[in-house]
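Take a moment with the sequence and the structure before reading on.

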Amino acid sequence: MTVDAVKPGFSTTIEALRLRTWRLGPGQPAMVIDQFTDRDFTLVVDDRADTHINSRDGRFYLGWFPNGRPGTDGDGWVLAVTGTATVPGYRIAFDTETPAQVVAAVVAEVIAASAPVRSH
């Protein structure tokens, strides 16, 4: 193995280091919520105006907590998929300031990766 002592670290250009604009702020929650159909999901808005979406089989959950989920440090969105007897599920939380477009992209990917269970 040879080491090039003339160029330590990584190389870049001024153009590569330019400032960028980044999507900030919570955006419109409808971008997330509108992805769900009545056929496959149930939606409940509770007395705190928090929104809860469950799959009909009960294995998918998405909660939107515009003022933060009680008992957490600012969870605004919580997505959870229940595992099986052999494969664990998972949980993803986004804070109240996470852009809805980011949450919508994750939700779209989770829904796209799901499939109805075929009965034998």
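What follows is a walk from the whole chain down to a few single residues.

## Overall layout

Please keep in mind that this is a predicted model. The protein chain has 2 helices and 5 strands, and read from the N terminus these elements run α-β-β-β-β-β-α. The radius of gyration is 20 Å, well over the 14 Å that the globule rule gives for 120 residues, so the chain is more spread out than a compact globule.

How much of the chain counts as buried? Of the 120 residues, 25% do. As for contacts with a separation of 6 or more, 32% of them come from residues 24 or more positions apart.

## Surface and charge

The accessible surface of the protein chain comes to about 9200 Å². Carbon and sulfur atoms account for 57% of that surface.

On the charge side, there are 11 positive and 14 negative side chains. The centres of these two sets lie 7 Å apart.

## An aromatic cluster

A pair of aromatic rings is described by the distance of the centres and the angle of the planes. In this chain the count comes to 4 aromatic pairs. One of them joins F36 and F41: the ring centres are 4.8 Å apart and the planes stand at 75°, so this pair is edge-to-face, as planes over 60 degrees apart are. Both F36 and F41 are buried.

F36 also pairs with F60, with ring centres 5.7 Å apart and planes at 40°, so this pair is tilted. Where do its two members sit along the chain? F36 is in the loop between α1 (30-33) and β1, while F60 belongs to strand β3 (residues 60-64), so the pair ties together parts that are 24 residues apart in sequence. Like the previous pair, F36 and F60 are both buried. Taken together, F36, F41 and F60 form one aromatic cluster.

## A49 and its backbone angle

Most residues other than glycine have a negative phi. A49 has a positive phi of about 70°, although it is not a glycine. To find this residue, look in the loop between β1 (41-45) and β2 (51-55). Its relative accessibility is 42%, so A49 counts as partly exposed, a class that lies between 20% and 50%.

Leaving aside residues up to four places away in sequence, D75 touches F65, G68, R69, R91, A93, F94, D95 and T96.

R118 is found in the segment after α2 (100-113). Its relative accessibility is 73%, so R118 counts as exposed. How far is R118 from P88, C-alpha to C-alpha? The two are 21 Å apart in space, and 30 residues separate them in sequence.

Definitions and conventions: Residues are numbered from 1 along each chain as its sequence is written. This is a predicted model: local features need pLDDT of at least 70, side-chain atom pairs count only at pLDDT 80 or more; totals for chains, interfaces and linings use all residues. Side-chain values use heavy atoms; hydrogens and water are left out. Helices (H or I, at least four residues) and strands (E, at least two) are DSSP runs, numbered from the N terminus. Buried means under 20% relative accessible area, exposed over 50%, partly exposed in between (1.4 Å probe, protein chains only). The radius of gyration is taken over C-alpha atoms; the globule rule is 2.2 Å times the number of residues to the power 0.38. Contact means heavy atoms within 4.5 Å. Accessible areas come from the Shrake-Rupley method with a 1.4 Å probe; for residues, only the protein chains shown count as cover. Lys and Arg count as positive and Asp and Glu as negative; His and the chain ends are not counted. The place of a charge is taken as NZ of Lys, CZ of Arg, CG of Asp or CD of Glu. Rings of Phe, Tyr and Trp (its six-membered ring) pair if their centres lie within 6.5 Å; planes under 30 degrees apart count as stacked, over 60 as edge-to-face and the rest as tilted.
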